[in-house]
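I opened this notebook to keep track of what I looked up, one topic per entry. The entries follow the order in which I went through the structure.

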Amino acid sequence: MTSPVQKTDPEVLAAIRALTQRLLSKEEYEALAAVPISDEERAEKLALIEWFTRRYPTPAARLAYIRRAYASWTRAA
Amino acid sequence: MESQVVEERDLFDAIARSGARALLIGRRALVVLGLPVMTADYDFWLHADDVEVFNQGLIAMGLASSHTPADARKRGRYVLENGEHVDVLIAREVRTVTGETVTFDSTWNRRELATLGGGVQVAIPCIDDLIATKRFAPRPKDHEDIRLLEVLRSSRLRK
């Protein structure tokens with residue numbers, strides 16, 4: 001049985017937004033960029049890309065999916 | 001003006017028909033390339049001389065500009081809105097956080113065209129240039145997007 005989707009606390013949403021939308025300084029960016037992509041991370045990302053492009057093989061299908069998914073996600077938030 | 005949901009293909013068709021040199025950047029360009037990332041907005045990098053034709057092309061879609069073309073050029077960016085949110089960057093060149101200068105003209109010259117069906121195409125930067133645009137004003141999610149783009153680029157090179 002599935003449980004109903006819980007609305008996210010607006011304060012939590014605001015805190016997440018502030019964290020993810022803040023601009024990185026040159027030093028912060030360079031520190032992050034210096035971390036090499038591990039084999040494990042590469043494999044995970046490739047698997048994600050392969051799944052997405054197999055399921056949605058055209059740019060139009062991919063754009064339409066993201067649009068639907070975003071609408072559904074914001075309705076639940 | 002009444003808010004409306006814009007048909008995506010119609011939006012790209014209107015931009016192509018306008019004749020404006022407009023590059024889809026931001027996360028929707030990543031989606032076009034096959035990267036599953038979430039986004040609400042449309043981001044375009046537009047040639048500074050093409051603001052008027054770009055806006056004119058989108059009037060029929062009900063998208064209204066936040067600024068006059070002259071003000072938009074002074075600010076370097078503006079927004080078109082009506083149900084959808086379209087962010088438009090109109091700088092001739094932008095310095096990345098790491099100090100490189102990226103020009104619109106060189107990015108436009110290296111663009112790729114993605115076909116959306118019905119003869120509609122959208123111009124996006126090549127992967128290297130898309131990575132550079134992600135360094136204009138990077139947030140943590142831009143860094144994650146760059147890593148996804150780097151993996152995609154290396155997988156293309158192996159093919």
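I note here that the model is a predicted one. I then placed T96(B) in the loop between β6 (93–95) and β7 (101–103) of chain B. Leaving out residues up to four places away in sequence, I listed its contacts as V102(B), A132(B), R135(B) and F136(B). I also looked up P138(B), which is 42 residues from T96(B) along the chain; the C-alpha atoms of the two are separated by 8.6 Å.

Entry 2, the sheet. I traced an open sheet of five strands in chain B, with the order β1-β2-β5-β4-β3 and mixed pairing. Its edge strands are β1 (22–25) and β3 (64–65) of chain B, and each of them pairs on one side only. For β3(B), I looked up the pairing with β4 (residues 77–82) of chain B: the two strands run antiparallel and are joined by two bridges. I asked which residue of β4(B) is the bridge partner of A64(B). The partner is E81(B).

The largest nonpolar core has 44 residues. Those with the most contacts inside this core are L24(B), V32(B), F44(B), L46(B) and I124(B). Helix α2(B) gives the most to the core, with five residues. I picked F44(B) and, not counting residues up to four places away in sequence, found that it touches A22(B), L23(B), L24(B), I25(B), V86(B) and V88(B).

The contact takes 29 residues from chain B and 27 residues from chain A. On the side of chain B that touches chain A, α1 (8–18), α2 (27–33), β8 (112–117) and α7 (140–158) each supply at least two residues. The largest share, nine residues, comes from α7(B). By class, I noted 15 nonpolar, seven polar and seven charged residues on this side of chain B.

Helix α3 (residues 39–55) of chain A packs against α7(B) at an angle of about 80 degrees, with the axes 10 Å apart. That angle makes α3(A) roughly perpendicular to α7(B). From α3(A), the contact is made by R42(A), K45(A), L46(A) and I49(A); from α7(B), by L148(B), V151(B), L152(B) and S155(B). I sorted the residues of this contact into five nonpolar, one polar and two charged.

How values were computed: Residues numbered from 1 in each chain as written. Chains lettered and ligands numbered in written order. Predicted model: local features only at pLDDT ≥ 70, side-chain atom pairs only at ≥ 80, totals over all residues. Pairing = 2+ DSSP bridges. Helix = DSSP H or I, 4+ residues; strand = E, 2+ residues; numbered from the N terminus. Contact = placed C-beta atoms within 7 Å. Nonpolar A, V, L, I, M, F, W, Y, C, P; charged D, E, K, R; others polar. Core = buried A, V, L, I, M, F, W, Y, C linked by C-beta atoms within 7 Å. Buried ≥ 20, exposed ≤ 12 C-beta atoms within 10 Å, placed from the backbone. Axes fitted to C-alpha atoms, helices over the stretch in contact; angles between N-to-C directions. Parallel < 35°, antiparallel > 145°, perpendicular 65-115°, else oblique.
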